[in-house]
Amino acid sequence: MENIVIKTVKLTKTYKVGDIDVPALKAVDITIEKGEFVAIMGASGSGKSTLMNLLGCLDMPTSGDYFLDGVNTSKLSKNEYADIRNQKIGFVFQGFNLLARTTALENVELPLMYDRLGKIKDPQKKSIEALERVGLADRIHHIPSQLSGGQQQRVALARALVNSPALILADEPTGNLDSKTSVEVFQLFQQLNNEGITVVMVTHERDFASFAKRIVEMRDGKVIRDYLIKDRLNAEEEFKKIAADALIA
Amino acid sequence: MQAKVILKVATKSIMKSRMRSLLTALGIIIGVSAVVVMVAIGDGAQLKVEQQIASLGSNLIIITPGASNTGGVRGGSGTFNRFTFDDVDKIKNEATLIKGISPVVSSRGQVIGGVGNWSTTINGVSPDYLDIRAWPLQSGEFFTDRDIMARSKVCVLGTEVVKNLFPNDDPIGQLIRIRSVPFKVIGVLKEKGQTSVGTSNDDVILAPSKTVLDRLSGGKFISSIQVSSVSSDRSDAAQAELKSIMRESHKLTPGEADDFTIRDQSDLTEAATQTSKVLTILLASVAGVSLVVGGIGIMNIMLVSVTERTREIGIRLSIGARASDILIQFLTEAIVLSLTGGIIGVLLSFIIAFILNHYTDQTAYIKPQIIMIAFGFAGAIGIFFGFYPARKAAALNPIDALRYE
């Protein structure tokens, strides 16, 4: 039980559009253990983004229970939701979502600003460490517009990491990146996962899903397949291949 | 979040769009400096009026005889006149809060001299009188204590009298006859204009008190005693002192009513200050409107800013900011904007006041309180007009805010 990071019980979300109820998620049961690397796949409208929002405590379920790191989140207030997002979850978005005209360091420091427990004594040191971890030690005073897409996503990843969350949630993390940079970013995800960090990501590219350890396929608000990947791709080797191909070409 | 961090974040986002922030603050700058300058002009005008009244003799205290009380029947004011030179001397010797004292022996009579004759008031006074009434001479000289002791037949004319008796000549050195008694004109008073009740101050002849008492009014009592206190704020104390001296002088027992009345000019001062106060309030409220308009400007820009920064709000919410954090952030921005505007506005008003005081005949007097009030108002406007946009920002849903393009 201690090893379970995510456990949903009949998690349901229904949107009201006018008088009509639109079910987005129908009684989903998922359990994700510590150290897993899960890719959630599905066509648009399959409910994967809704699931992602619920897992990220950005939205509240219509019914069902969601246990995050042993805490039942269904009964929490809005402020407690905010605190959970701050303490337990690191987000990585498709569009990076960094603050413009704000340096990489300040972007990474942002979650620590809202840290009410004050558990981190030196936010700046901690943020620099996070940036070093994603390999951007030499870019800490650059603003997003001075960084490449891959670098921006790595800043976002450092921001997700800085609070030592129980879980990193990535929503199409490489959707805005070319395939070479994407592989580079996945290399980082795999590396962090190897260090024991739980990663859950949404993607619709099967190639990228193969970097994960487990795939959850969704359709019409339900989980239709849930399986472990047998021939998992190693992003580091893939990157070497791409580099080699580029040399030949 | 700590206050220091909140302030830092607010200043940073204000500095990110400098031009816009400056234009937003401009409303407050103009509002605050308008209020401060308007009130300063009002206060300046008030100060000037007070000075003018002081120059008319605001320190002036007049002691007049009281009512008679004979067998239960009380006469009107002045029916019981027992003022003598003894009273004047006693006050002169004992009072500590007075600057000058003059008896006034009043008499009316026909005056012949120069081109014709003229009926006017003749006041017998002491040399202090000019100083008590803040009334300078236009030409010639005033009589001295020696003239009083010698009961010299000299006099000083008001301009109205000069106009009627000596329209073309210099009156000084001429002889006039007041009720057949010849007097030598030794000086002419400066024009003083109307009294507060509408009669002319200048239709008067001043002569030594004892001369008038002996030669014209033919009695031994003085019409009134005029005194000037050392300063206008000691006027009340001076009056109390005069009262006890007068009671002693008239040997009144503790239960007995005063047989004299003491008055000062405070009612006149009050009326004049009231007028300029009303003027100040009027000016300040007009300027206050511009301050409110400045506040609306802040609200407007903050609303635009919230819409523009919806994505930023979404990011902050997604990484764990509470709605209250967002509220405080935007509210702080509004307050920092308005207070900065307030500071610049106050500085600007000092410059304007300096220009007014040095290059125009307008007086602007900036009281310290008004600066505090203007600051307080600027801050209050920041809170009031910043609250609605801040609440709007705080009410955003993180998912919608993140999706906002």
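A:Glu172 is buried, because 20 other C-beta atoms lie within 10 Å; a residue is buried with 20 or more such atoms within 10 Å of its own C-beta, exposed with 12 or fewer, and partly exposed in between, the C-beta atoms being placed from the backbone. This is a predicted model, in which local features need pLDDT of at least 70 and side-chain atom pairs count only at pLDDT 80 or more, while totals for chains, interfaces and linings use all residues. Residues are numbered from 1 along each chain as its sequence is written, and chains are lettered from A and ligands numbered from 1 in the order in which they are written.

A:Glu172 sits in the loop between strand S7 (167-171) and helix H6 (179-194) of chain A; helices (H or I, at least four residues) and strands (E, at least two) are DSSP runs numbered from the N terminus. Its phi is near 45°, a positive value in a residue other than glycine.

B:Ala134, also not a glycine, has a positive phi of about 50°. The loop that holds B:Ala134 runs between helix H4 (129-132) and strand S6 (137-140) of chain B. B:Ala134 counts as partly exposed because it has 17 C-beta neighbours inside 10 Å.

Chain B as a whole has 13 helices and 12 strands. Its radius of gyration, taken over C-alpha atoms, is 34 Å, well over the 22 Å that the globule rule gives for 405 residues, so chain B is more spread out than a compact globule; the rule is 2.2 Å times the number of residues to the power 0.38. Of the 405 residues of chain B, 42% count as buried.
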